[in-house]
Amino acid sequence: MRLVRILILTIGIAVAISGGLPLAKRGLSVVRAAVGDSKPEVQLNVTNARPREVEESTQQSIIRDYGRAWQGMGTALANNQMGPLNENFTGFALDKLKQRVKDQQQNGLTTRVIDRGHKLDAVFYSQDGSAIEVRDTATVETQVLEGQTLIHSDEAQVHYYAVLTGAEDRWKVRVLESSEK
Amino acid sequence: MRRISFWIATFVLCWVAANWAHGAELRIPQNATAGQSLTIGAGAGGTLYLVGPGQVIKRKVQGGEDVQISGDELRNAGRWIAIVRGGGGDQSQVFWVRPGKAENVNFLARPSRVPVNKPGVISGVAFVFDKSQNLVLDPTKVNFSLSVGSAHAEHTATSSNGVAWVTSSSAPKAGAAQFVASLPDVQVRRVIEQVASDPCNLKMKVIQREKGKVTVETDPVRDCTGNAVPDGTIVTFTQTDSTGRSVVDARIKKGIARAQLPAEPNARISVASGVVLGNEIRLGGGQ
């Protein structure tokens, strides 16, 4: 009889742990996304870059600055702030994201982007080294909130095409476009 | 008979329920294109949000009513989220909007100034966009042409992942080259200044000798394809004699460089510009 009790108790604890751990992990990632401090993991493959080879130092800069850009975008969309966008984006990408933030503000929405990492494949690096295009396979969870109410949540692997150009002290994202393909 | 009636009634009930449920569903066409109108079935109605990559659209909708989104509103290609709040509860769905047809080109031409007759020194990069500045990812033919004077070169490149590029050699003739990237309905023009290359066959001669001074002057300085080397280019005259070495850096003026040096007996004068060496003159014994 005692053995049965212990067995049931053990199963109960195992079930609680198996359910509780992912819940805690998810909760933590939501909190981190909300405060915008989650630095995404970025991997870069440069074997398909043409017409110029990507230098080692440029690879490191791209990994750092693309990660920063996503971090900045996450903060901007979660808090409806423009500041983090200006630091990391330029051109069309900046215009579009600013408009998104403005529209979110007007409609009382925010978006949490819970970033689970990026696999970048450099597909173009200009001859003069001033522009690079990467194809990004990103794993992201997107949560849309109306006020404090969660009205949409999904997690998906999304393909992005990003064009980065050299700015004063970093690479800035000039084009960021998701694609079904 | 009772059994048949029961089954008919069940079938009708199921059909009505399915129809009602379908009417309450969020229905979005799967072939949405940026810049083109879109009709969305907003189900039971309420507030419809369309959250796109660069915009948010909000609409109040009645149950069963279709919502028209105009092409001017649906500007951004990429991943969108449609959310309906209220009515029969919240519903959401992800859908994709493709870029429109190629209508814009962002053209980067490098460098802005280039020496003539150098192979593969000019690069042209064209990013292809639709009218709402979405990167067009489908392969698109971009025509590149480079012309200076009567010299004309043309290349066609097909874009891959939204970008097409070419490399080209500079023409033998100096001048402002027109570098154009074009789609069927749009042309973007850049100017690349093609300047003379390094001097070729640099030659000088003594033109005057008096009162212990000698004046030397180059022939008109040209590159190997006959273009005049621009005024302001430095030409260096070096004189070596028993007292040591004198160096004069002279700028080319009206195509010619000139310098005055001390007329020492048995002096040797050489001329150079950049890495190009010219001829050498030996002065006679104090004559």
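Mentor: **A three-stranded sheet in chain B**

The strands run in the order β18-β19-β23 (chain B), making an open sheet of three with antiparallel pairing. Strands here are DSSP runs of E, at least two residues long, and helices are runs of H or I of at least four, both numbered from the N terminus. Two strands pair if DSSP finds at least two bridges between them. The edges are β18 (204-210) and β23 (258-262) of chain B, each pairing on one side only. From one strand to the next, the twist averages 25°. That angle is taken between N-to-C directions, from 0 to 180 degrees, with axes as lines fitted to C-alpha atoms.

This is a predicted model: local features need pLDDT of at least 70 and side-chain atom pairs 80 or more, while totals for chains, interfaces and linings use all residues. Residues are numbered from 1 along each chain as its sequence is written, and chains are lettered from A and ligands numbered from 1 in the order written.

Now one pairing. Strand β19 (residues 213-218) of chain B joins β23(B) through five bridges, in the antiparallel sense. B:Glu217 has B:Arg258, in β23(B), as its bridge partner.

Next, the whole chain. Chain B has one helix and 25 strands. Its radius of gyration, taken over C-alpha atoms, is 37 Å, well over the 19 Å that the globule rule (2.2 Å times the number of residues to the power 0.38) gives for 287 residues, so chain B is more spread out than a compact globule. The C-alpha trace spans about 140 × 30 × 25 Å along its principal axes. Of the 287 residues in chain B, 36% are buried, meaning that 20 or more other C-beta atoms, placed from the backbone, lie within 10 Å of the residue's own.

An automatic or database assignment sets the domain bounds. Chain B divides into domain 1 (2-98), domain 2 (104-195) and domain 3 (199-282). The C-alpha centres of domain 1 and domain 2 of chain B lie 45 Å apart. Five residues from domain 1 of chain B and four from domain 2 of chain B make the contact, which requires C-beta atoms, placed from the backbone, within 7 Å.

Last, the partner chain. 32 residues of chain B are in contact with 32 residues of chain A. On the chain B side, β7(B) gives the largest share, five residues.

Key:
Two residues are in contact if their C-beta atoms, placed from the backbone, lie within 7 Å. A residue is buried if 20 or more other C-beta atoms lie within 10 Å of its own, exposed if 12 or fewer, and partly exposed in between; C-beta atoms are placed from the backbone.
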